[in-house]
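The sequence and structure are shown first.

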Amino acid sequence: MSKIAEIATTFFAYLKRPDLYPELRRKIWKNLFNRSSALRGKEEAEIWCKKLAVSEKEFIENILKINFVPFENIFPQEYKDALQAQDKAPVKMGGAGSLSVIYYINEYAKAQNSIETGVAYGWSSFAALASLVSRNGTLYSSDMPYILQNQSEDFVGCVIPEKYKNNWDLYRFADKESLPKIFTKENLFDVVHYDSDKTYDGRMWAYKLLWDRLRRGGVFMSDDVGDNAAFKDYCEQNNYRPYIIEFDSKFAGVIIK
Ligand SMILES: C[S@@+](CC[C@H](N)C(=O)[O-])C[C@H]1O[C@@H](n2cnc3c(N)ncnc32)[C@H](O)[C@@H]1O
């Protein structure tokens, strides 16, 4: 598809979704005036991440002080079913980060209320819920549909085991609309996992809102923090101590509040 055809298709797909008009307005603005936000400071962020990076196992055992067993070994049947559900889905969506880190930060915080941005197939939701259901806790998720894939909405969260879904509260809007709606239901969280709008400005907007609603001792996690300098700058500006975890050649950032 040519660039112009892609822009036109995206535009008309948005027009069919009045609930996403605010995001359409923001996308137009961003494309006209703020195109550099996705990769701002990427080079320095990557160097910083590489310098600090530890493995999943090192983080879980040395910082969380929990014995590390990979997530897929703790829930082998659920994991196998999830892989099958993903294979059957006719749409291609964003992939999973470190399921083990997500599971164990919820265990560490003994989470009752967790919030995540970005669901796609629901791998991160599956990992958070695997911990939350043992305390009958709730996962609040914000996820904007893949606008160019008609069927994608039917498959958002398709890898999450059915038995976990009573503990899952999904908001299908852009974060700028979803988060205020979620905050009217719950305003204090034990765990935050950010994995949606990866632009510098998108992160900076959401990080502060989410951080302010994270309880002391709670855990803040953001995926793909080597993509631009937002996480690095956020930590430096606020004097927060970050942990960087390398997984599948990508970097996740974690801060314990
Ligand atoms: C990388 S995927 C999430 C993967 C998921 N966390 C996992 O580990 O399996 C990113 C998701 O965020 C959604 N997304 C992107 N921008 C968003 C925004 N501004 N607000 C809400 N969701 C957004 C995408 O549509 C996609 O479903």
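## The largest cavity

In this predicted model, strand β1 gives the most to the lining of the largest cavity, with three residues. Helix α7, β1 (113–117) and β4 (189–194) each supply at least two lining residues. The cavity has a volume of about 30 Å³, and a search of the whole structure finds one cavity of 30 Å³ or more.

The lining is made up of Ile102, Asn106, Ser114, Ile115, Glu116, Ala128, Leu139, Val191 and His193. By class, five of these residues are nonpolar, three are polar and one is charged.

## The second largest pocket

The volume of the second largest pocket is about 160 Å³. Its lining has 13 residues, and those closest to the pocket centre are Glu72, Tyr79, Gly97, Leu99 and Phe247.

Seven residues of the pocket lining are nonpolar, three are polar and three are charged.

In soluble globular proteins, nonpolar side chains tend to be buried together. Here the largest nonpolar core has 43 residues, and Phe59, Phe71, Val101, Ile105 and Val254 have the most contacts inside it. At least two core residues come from each of α4 (56–63), α7, α8 (123–132), β5 (214–222), β6 (242–247) and β7 (250–256). Helix α8 gives the most, with seven residues.

Which residues does Ile105 contact, leaving aside its neighbours within four places in sequence? They are Phe59, Leu64, Val191, Val219 and Met221. Phe59 is, like Ile105, among the residues with the most contacts inside the largest core, while Val191 also lines the largest cavity. A second, separate core has 29 residues, including Tyr140, Tyr171, Val225 and Ala230.

## Overall dimensions

The protein chain has twelve helices and seven strands. Its C-alpha atoms fill a box of roughly 50 × 40 × 35 Å along the principal axes. For 257 residues, a compact globule would have a radius of gyration near 18 Å, and the chain agrees with this because its own value is 18 Å.

Of the 257 residues, 50% count as buried. Among contacts between residues at least 6 apart in sequence, 78% join residues at least 24 apart.

## Phe155 and its surroundings

Phe155 lies in helix α9 (residues 152–155). Not counting residues up to four places away in sequence, Phe155 touches Ala89, Pro90, Val91, Met93, Ala120 and Tyr121. The C-alpha atoms of Phe155 and Gly217 are separated by 34 Å, with the two residues 62 apart along the chain.

Ala120 sits in the loop between β1 and α8. Its relative accessibility is 8%, so Ala120 counts as buried.

Ser249 is also a residue other than glycine with a positive phi, at about 60°. Its place is in the loop between β6 and β7. Is Ser249 buried or exposed? Ser249 counts as exposed because its relative accessibility is 66%, above the cut-off of 50%.

Notes: Residues numbered from 1 in each chain as written. Predicted model: local features only at pLDDT ≥ 70, side-chain atom pairs only at ≥ 80, totals over all residues. Heavy atoms only, no water. 1 Å grid on protein atoms, 1.4 Å probe; cavity = no way out; pocket = protein on both sides within 12 Å on 5 of 7 lines; lining within 4 Å. Points joined across faces, edges and corners; volume = space filled by probe spheres on them. Nonpolar A, V, L, I, M, F, W, Y, C, P; charged D, E, K, R; others polar. Core = buried A, V, L, I, M, F, W, Y, C linked by side-chain atoms within 4.5 Å. Buried < 20%, exposed > 50% of the residue type's maximum accessible area, 1.4 Å probe, protein only. Helix = DSSP H or I, 4+ residues; strand = E, 2+ residues; numbered from the N terminus. Contact = heavy atoms within 4.5 Å. Rg over C-alpha atoms; globule rule 2.2 N^0.38 Å.
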